[in-house]
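Good morning, and thank you for coming.

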Amino acid sequence: MKRKAMQYFLEWKTNEDRKPLVLKGARQVGKTWLMKEFGRSYYEETFYFNFDEESELKSIFEINKDPHRIVELLGLLRGKKILPGKHLILLDEVQECPEALNSLKYFCENAGEYHVISAGSLLGTLLAKPKSYPVGKVNLLSIDPMTFDEFLDATDEGLYSFYMSVTSGRQVEEIFHRKLLEAYKYYLIIGGMPECVASWIQMKDPAKVETLQREIISLYEHDFSKYNGKVNSGRILMVFRSIVSQLARSNGKFMYGVVKEGARAREFEEAIEWLVSAGMILRVFNVAKPECPLTAYEQLSHFKLYLFDVGLLKQMAGVTNESILIKTDFPFMGSLTENYVLQQIRGLYPVTPKYYAPTSTREIDFVVQDETVIVPIEVKAGGNVASASFKEYVSKYHPAKAIRFSTLGIQKNDGFMNLPLYLAGRMRELM
């Protein structure tokens with residue numbers, strides 16, 4: 001399966017200012033596969049080291065600071081000399097050996113000729129601690145679940161080719177519009193976890209996909225239970241399990257009392273930070289003003305939490321496949337659709353998406369900053385597109401760009417553009 005991250009890897013390989021690369025992201029999003037596939041495709045040989053499987057590796061990094069000595073010892077372990085530029089060094093599950101992560105500083109400063117990529121589960125929680133990794137001495141790349149266009153490319157190359165040919169200046173023919181909406185619904189069911197997508201391609205068995213999703217969720221919850229850091233693992237689990245209930249609320253705003261009756265921010269804010277750092281939940285802040293720069297107007301106590309993969313959210317919420325494929329108007333469909341849109345648009349802009357809720361009855365689902373332009377985004381799960389809040393916003397602020405997502409086709413209306421939900425990932429280029 002093709003991943004967009006591969007293009008970043010290629011640019012990193014040829015960059016003269018290349019630093020050791022650190023991949024972060026939740027477990028099972030494809031970090032190890034991407035590293036190995038990159039090495040197999042673009043290097044003469046790959047030297048793969050896993051700190052979880054080979055505990056003796058730790059002593060090499062605990063004793064030595066000289067990167068050339070480290071490379072020499074790693075080569076001895078594999079019985080072959082590691083050559084700079086021609087060979088790729090992969091350090092996996094590096095969270096098990098903080099000294100290895102710290103050694104990247106010395107690779108950057110004294111051995112830049114070697115190509116080194118490291119990755120690890122829950123690595124974001126380690127990187128959140130300033131002393132845990134060499135600031136400014138590594139390139140960081142977040143690996144997320146597959147986006148809808150990556151999913152489409154993997155499951156239907158012909159339809160993907162048409163999808164990429166769509167322009168804002170023409171209407172999508174009805175036959176292709178229906179096919180793309182169907183693929184979008186399949187994505188809501190399967191999600192973007194690579195193992196689930198691969199299973200669907202090979203077996204076309206929805207029961208198998210659901211089993212894999214349940215196993216992944218159980219794996220994450222097991223990770224919480226074995227976590228023994230300063231953040232209470234029970235509170236991490238409680239926040240994680242509350243996501244569905246939080247999103248099911250009328251406005252979706254995170255409420256500590258939903259996690260635990262009578263709970264206060266001080267009890268659970270560290271658990272939330274841990275989950276955000278681990279890449280397992282996506283946090284969207286409300287802004288006091290829809291003005292540039294958006295980050296300056298974040299209201300840090302007003303936010304929503306989404307899951308990092310819509311397929312896992314569907315599984316956690318107990319939504320049936322029939323509901324998504326046929327009924328589509330069940331109450332949680334709106335939250336599921338918002339989660340999907342957020343996944344597709346969050347990588348399009350340098351500033352993470354926010355939302356704007358000036359009152360308890362008025363809300364813009366997302367606002368993004370496109371250079372100096374603030375773009376309001378309305379998300380509709382179906383074809384019923386009436387929205388007083390969006391209409392009022394467009395009338396009041398006259399934004400240069402405004403987007404509504406729905407199941408309708410491409411439409412240019414007075415003051416905004418409607419895009420079908422399957423084009424969320426191409427929003428920026430189509431506006």
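Predicted model: local features only at pLDDT ≥ 70, side-chain atom pairs only at ≥ 80, totals over all residues.

In general, the strands of a sheet pair through backbone hydrogen bonds, in either a parallel or an antiparallel manner. Here five strands form an open sheet, the pairing is parallel, and the order is S2-S3-S4-S1-S5. The edges are taken by strand S2, residues 45-50, and strand S5, residues 139-142; each has a single partner strand, so one side of each is left without a neighbour in the sheet. On average, and with direction ignored, neighbouring strands of this sheet are turned by 20° against each other.

Let me take one pair in detail. Strand S1, residues 21-24, and strand S4, residues 115-119, run parallel and are joined by three bridges. Within this pair, valine 22 stands opposite serine 118 of S4.

Two helices deserve mention. Helix H2, residues 31-42, lies across S1, S2, S3 and S4, and runs at about 170° to S3, the strand of residues 87-92. Helix H4, residues 67-78, lies across S2 and S3, and its direction is at about 95° to S2.

I turn to the cavity. How many cavities of 30 Å³ or more are there? The count comes to one, and the volume of the largest cavity is about 40 Å³. Its lining consists of Arg18, Lys19, Pro20, Phe107, Cys108, Ala111, Gly112, Tyr114 and Val116. Of these lining residues, six are nonpolar, one is polar and two are charged.

Thank you for your attention.

Notes: Residues numbered from 1 in each chain as written. Heavy atoms only, no water. 1 Å grid on protein atoms, 1.4 Å probe; cavity = no way out; pocket = protein on both sides within 12 Å on 5 of 7 lines; lining within 4 Å. Points joined across faces, edges and corners; volume = space filled by probe spheres on them. Nonpolar A, V, L, I, M, F, W, Y, C, P; charged D, E, K, R; others polar. Pairing = 2+ DSSP bridges. Helix = DSSP H or I, 4+ residues; strand = E, 2+ residues; numbered from the N terminus. Axes fitted to C-alpha atoms, helices over the stretch in contact; angles between N-to-C directions. Contact = heavy atoms within 4.5 Å.
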